[in-house]
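Student: Could we look at a structure together and talk through how its parts fit?

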There are 2 protein chains.
Amino acid sequence: MAKPEPVYLGVDIGGTKVAAGLVNAQGKILSRARLPMPGRGDASAALAAVSAAIRAAAAAARGRAIAAIGLSSPGPLDPRRGVVLNPPNLPCWRDYPLAERIRQAHRLPTRLDNDANAAALAEARWGAGRGYHSVFYATLGTGIGAGWVLGGQVHHGRTGAAVEGGHVSINFRGPRCACGKRGCIEAVAAGPAVAKRARLAARRQPRAARRLLALADGDARRITGEVVGQAWREGDALAAAVLQQTAESLAIWLGSIIDLLEPEVIVFGGGMGALMAEWFPTIGERLRAWTINPRAGEIPLRPARYGADAGIAGAAALCLP
Amino acid sequence: MAKPEPVYLGVDIGGTKVAAGLVNAQGKILSRARLPMPGRGDASAALAAVSAAIRAAAAAARGRAIAAIGLSSPGPLDPRRGVVLNPPNLPCWRDYPLAERIRQAHRLPTRLDNDANAAALAEARWGAGRGYHSVFYATLGTGIGAGWVLGGQVHHGRTGAAVEGGHVSINFRGPRCACGKRGCIEAVAAGPAVAKRARLAARRQPRAARRLLALADGDARRITGEVVGQAWREGDALAAAVLQQTAESLAIWLGSIIDLLEPEVIVFGGGMGALMAEWFPTIGERLRAWTINPRAGEIPLRPARYGADAGIAGAAALCLP
């Protein structure tokens, strides 16, 4: 009898929920379990929730050997030591040796990395970046995270804090970011920034904003990044103008990324990432003005393979040799 | 009798001169030869000048075996194929297989890379970045070049065009760079930008600019980056204000470099680099506001070991295994 193929257990830890799943060596998700995460409770309650999600997902293994457990968590964290440092979204854990605790509880090799790095690795191994030596991944949502996989390995930098791509500033006189810097791409092009720009435009041009406002129940404060995307898909000109500006900002940012790293492929994940992937032709066009690389146009821009499963797949990808 | 230590022949090719030298395995420069470079002549005249410089430097070898020849040239070029593409400073060479021609002429293994990458490698192997796994090098002069050495290897990227650090934009509304982008750190903080800022300040405040103007023979148009540095060393307040602003720009830029790459050490070379190295305390202080990395202060900022010899040492460093 052939030895059964190993499977990996990927755990996607968030501020409010924890999801776990079995993933095979081809990156296919075989099972999913989801539990609430008591992120503001005590450290051991949060650990218990992670362990319960692991057990629930592991139940689907049925005889297949689970080779390792991967943990994807909000940062900052130390991937080398497997220690969660002080994530704003998980205040229960401070300098918490999460990987070691899970290793002890489940008696399996355990790896930890931040959510963007893990998702980047899943895309590089199994997804839109497969087959490339150098994969730059960005996840666009309420924030902008990034990861860079070079030769199959996440680029961690000196302490594991590298590739905080969302905090590259494109304008030192730009809007203040939550991190304290000015003009970070996160402060300019993530969901809340897009929504804010649309809200300002709606206030200035209420007539042009009728569709946007209708989708937000008539309340400009309810305009979100999703609402802007929806309005644009319905042909709204104001939403298109806002997203055009977002595409320009992303082109400026990617221009600097390309001039520094010259990756072989660029992958966009996250909810806003899926929206901006529809703008790749515009981003590619504008990129010409924002890189000195004459062959930048050869670098493909691709939507991520993994959507809501990016965390599980990413965590599982950490387990691969 | 012990086998004599190998030596390397490093060639620093510029638009107007070519310098060659023998370099030992510890990065010590053993000989130097310098010739004019007919960069606007024909391709074979330029090749002949490079070959003549190699022969002149090689004459000092006296029995020591020359292991290889390294060539440092202005870019753009393809380091993998050893081909010079279309350098503005060397219009005589277009898609020119320089490494192959030198290999044939001198019957030695030959490597080619651009000047900033080569100098970065020399600093990583033998200089201010020695002993570090990840070395970010910037050369500040009439332009800003950069190189990044990771695990002993220059990061080349997809086509060899990576780490064009001088063209990372810190302000997309900033001054137009020669490359066409706006707000590149080169357009803001290289020698000509510093000189321009000083000239503007001198025109606005001629009284405060007396020392600056005196050093420039009373002619604001003669204010250069060197003049600003000299005035500052003599205690001039206007020059200090200009350099303070330059330090701030460099801090903004390094903040993004750290947030992306998180190198282990940052090395400044070039004439303006030596000047700005005197501003490291200010740059380090301002850096805190421009990186989200809480441990960025642990990353040393260092002046380069090699000054005028950066090209020879860099080219020789390309020869090492």
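Student: Is B:Gly174 buried or exposed, or something in between?

Tutor: Happy to start there! A residue is buried if 20 or more other C-beta atoms, placed from the backbone, lie within 10 Å of its own, exposed if 12 or fewer, and partly exposed in between. B:Gly174 has 19 C-beta neighbours inside 10 Å, so B:Gly174 counts as partly exposed.

Student: Before we go on, what kind of model is this, and how are its parts numbered?

Tutor: Residues are numbered from 1 along each chain as its sequence is written, while chains are lettered from A and ligands numbered from 1 in the order in which they are written. Local features need pLDDT of at least 70, side-chain atom pairs count only at pLDDT 80 or more, and totals for chains, interfaces and linings use all residues, as this is a predicted model.

Student: Where in chain B is B:Gly174 found, and which residues is B:Gly174 in contact with, leaving aside neighbours within four places in sequence?

Tutor: B:Gly174 is found in the loop between strand S10 (153-154) and helix H4 (185-189) of chain B. Helices (H or I, at least four residues) and strands (E, at least two) are DSSP runs, numbered from the N terminus. Contact means that the C-beta atoms of two residues, placed from the backbone, lie within 7 Å. Leaving aside neighbours within four places in sequence, the contacts of B:Gly174 are B:Ser169, B:Arg182, B:Gly183, B:Ala187 and B:Val188.

Student: Which strands does S2(B) pair with?

Tutor: Two strands pair if DSSP finds at least two bridges between them. Strand S1 (residues 7-13) of chain B and S2(B) are antiparallel, with seven bridges, and a hairpin of three residues joins S1(B) to S2(B). Strand S2 (residues 17-24) of chain B also runs antiparallel to strand S3 (residues 29-36) of chain B, again over seven bridges. The partners of S2(B) include S1(B) and S3(B).

Student: What are the bridge partners of B:Ala20 in these pairings?

Tutor: Let's take one pairing at a time. B:Val11 has B:Ala20 as its bridge partner in S2(B). In S3(B), the partner of B:Ala20 is B:Ala33.

Student: Which residue in the hairpin of S2(B) and S3(B) takes a positive phi?

Tutor: That hairpin has four residues between the strands. The positive phi is near 85°, and the residue that takes it is B:Gly27.

Student: Why is S2(B) called largely enclosed by the rest of the structure?

Tutor: Think back to the neighbour count for buried residues. S2(B) is largely enclosed by the rest of the structure because the buried residues of S2(B) number six of the eight.

Student: How many residues does the largest nonpolar core have?

Tutor: A nonpolar core is a set of buried Ala, Val, Leu, Ile, Met, Phe, Trp, Tyr and Cys residues joined through C-beta atoms within 7 Å. In soluble globular proteins, nonpolar side chains tend to be buried together. Among the residues with the most contacts inside the largest core are B:Val11 and B:Val228. The number of residues in that core is 232.

Student: Which helix gives the most to the side of chain B that touches chain A?

Tutor: In this interface, 34 residues of chain B are in contact with 34 residues of chain A. The copies meet through the same surface, because 100% of the interface residues of chain B are also interface residues in chain A. With six residues, the helix that gives the most to the side of chain B is H8 (residues 237-261) of chain B.
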